[in-house]
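Visitor: Hi, I have a few quick questions about a protein. Can you bring it up and walk me through it?

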Amino acid sequence: MSGFDMVKTDRKEMLIDLIFPNRCPFCGKVIHWSSYCCETCYTQAEWVNFDSVRICRRCGHYVCECGTERIYYDRCFFAASYSGESVKNAVLAMKYKKSENAAVIFSQRLYELLKNEEHTDIDYIVPVPMNRKKLRKRGYNQSEILAEHLSELLDIPVRTDLIGKRYSSETQHSRTAEERKTAVMTEYFSLDKKLGGEKILLCDDIFTTGSTANRCAELLKDIGASSVTAAVCAAVL
């Protein structure tokens with residue numbers, strides 16, 4: 001099953017819908033209880049087709065940066081472009097409203113990309129971590145929600161005990177590109193676990209400069225990962 005054909009089959013969702021109306025994560029409109037989004041929104045979303053656009057499949061940038069700086073992740077996949085308003089709404093709905101609809105849609109699109117690339121030989125799925133203070137305040141890590149949905153599709157376990165993040169009062173989107181690169185070097189750290197050559201799928205919600213994915217991949221390889229593939233909901237292209 002792929003694309004807009006996905007529907008909810010659990011009848012409990014119908015009862016929940018009576019109290020909390022089901023909404024499209026792209027436009028926010030109320031939709032049928034069994035749907036994940038509006039058909040129009042899904043069709044018009046800026047989904048990325050790696051076969052039709054010139055994106056480096058290693059670093060994930062239009063202009064390849066593999067030769068200008070050290071890239072620690074081996075491949076990079078993202079479901080959509082973050083430039084469209086509807087995609088931004090869906091990512092933010094997952095990030096701040098815990099939208100399961102958005103998580104299901106993005107995880108399905110990423111699964112299709114990974115499957116088509118015959119790149120499903122992964123040992124563990126690792127979500128980009130959130131610092132404890134923000135996790136307590138928000139109650140969930142949106143990257144972990146994405147990882148859990150991909151885990152179900154790929155039948156691969158999620159590991160949240162390999163890397164961590166220190167608290168910072170400044171958010172990534174408020175920093176310049178250079179400030180992001182400097183900050184992630186000290187904010188993300190390994191949790192004293194060891195790997196033995198496993199292949200990792202690293203999950204995150206937004207790919208901007210790639211600094212976060214690169215730092216997390218570096219840490220995972222430092223503790224023994226043989227490869228790291230980044231899988232992201234949307235990228236700033």
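Visitor: How many helices and strands does the protein chain have?
Guide: The protein chain has 8 helices and 6 strands. Keep in mind that this is a predicted model.

Visitor: What pattern do they follow along the sequence?
Guide: Read along the sequence, it goes α-α-β-α-α-β-α-α-β-α-β-β-α-β.

Visitor: And how much of the protein chain is buried?
Guide: Of its 237 residues, 52% are buried.

Visitor: What share of the contacts joins residues 24 or more positions apart?
Guide: Take the contacts in the protein chain with a separation of 6 or more. Residues 24 or more positions apart account for 73% of those.

Visitor: New topic. Which residues form the positive surface patch?
Guide: Four names to look for: R132, K133, R136 and K137.

Visitor: Where is R132?
Guide: R132 is in helix α5, which covers residues 132–138.

Visitor: Why does R132 count as exposed?
Guide: Because its relative accessibility is 68%, and exposed means over 50%.

Visitor: Now Q142. Which helix is that in?
Guide: Q142 is in helix α6, residues 142–154.

Visitor: Buried or exposed, that Q142?
Guide: Q142 is buried, because its relative accessible area is 5%. The cut-off for buried is under 20%.

Visitor: What does Q142 contact, leaving aside its neighbours within four places in sequence?
Guide: Q142 is in contact with M94, K95, M130 and D205, with those neighbours left aside.

Visitor: Is S211 buried or exposed?
Guide: S211 is buried, with a relative accessible area of 8%.

Visitor: Which residues are in contact with S211?
Guide: Leave aside the neighbours within four places in sequence, and S211 is in contact with R180, K181 and V184.

Visitor: Last one: I16. Which helix?
Guide: I16 belongs to helix α1, residues 12–19.

Visitor: Why is I16 called partly exposed?
Guide: Because the relative accessible area of I16 is 44%. Partly exposed lies between under 20% for buried and over 50% for exposed.

Visitor: What separates the C-alpha atoms of I16 and W33?
Guide: Those C-alpha atoms are separated by 8.5 Å. Along the chain, I16 and W33 are 17 residues apart.

Technical notes: Residues numbered from 1 in each chain as written. Predicted model: local features only at pLDDT ≥ 70, side-chain atom pairs only at ≥ 80, totals over all residues. Heavy atoms only, no water. Patch = residues over 30% accessible without salt bridge, like charges linked within 9 Å, V, L, I, M, F, W, Y side chains within 5 Å. Areas by Shrake-Rupley, 256 points an atom, 1.4 Å probe, with all protein chains shown as cover. Salt bridge = Lys/Arg side-chain N within 4 Å of Asp/Glu carboxyl O. Lys, Arg positive; Asp, Glu negative; His and termini not counted. Charge placed at Lys NZ, Arg CZ, Asp CG, Glu CD. Helix = DSSP H or I, 4+ residues; strand = E, 2+ residues; numbered from the N terminus. Buried < 20%, exposed > 50% of the residue type's maximum accessible area, 1.4 Å probe, protein only. Contact = heavy atoms within 4.5 Å.
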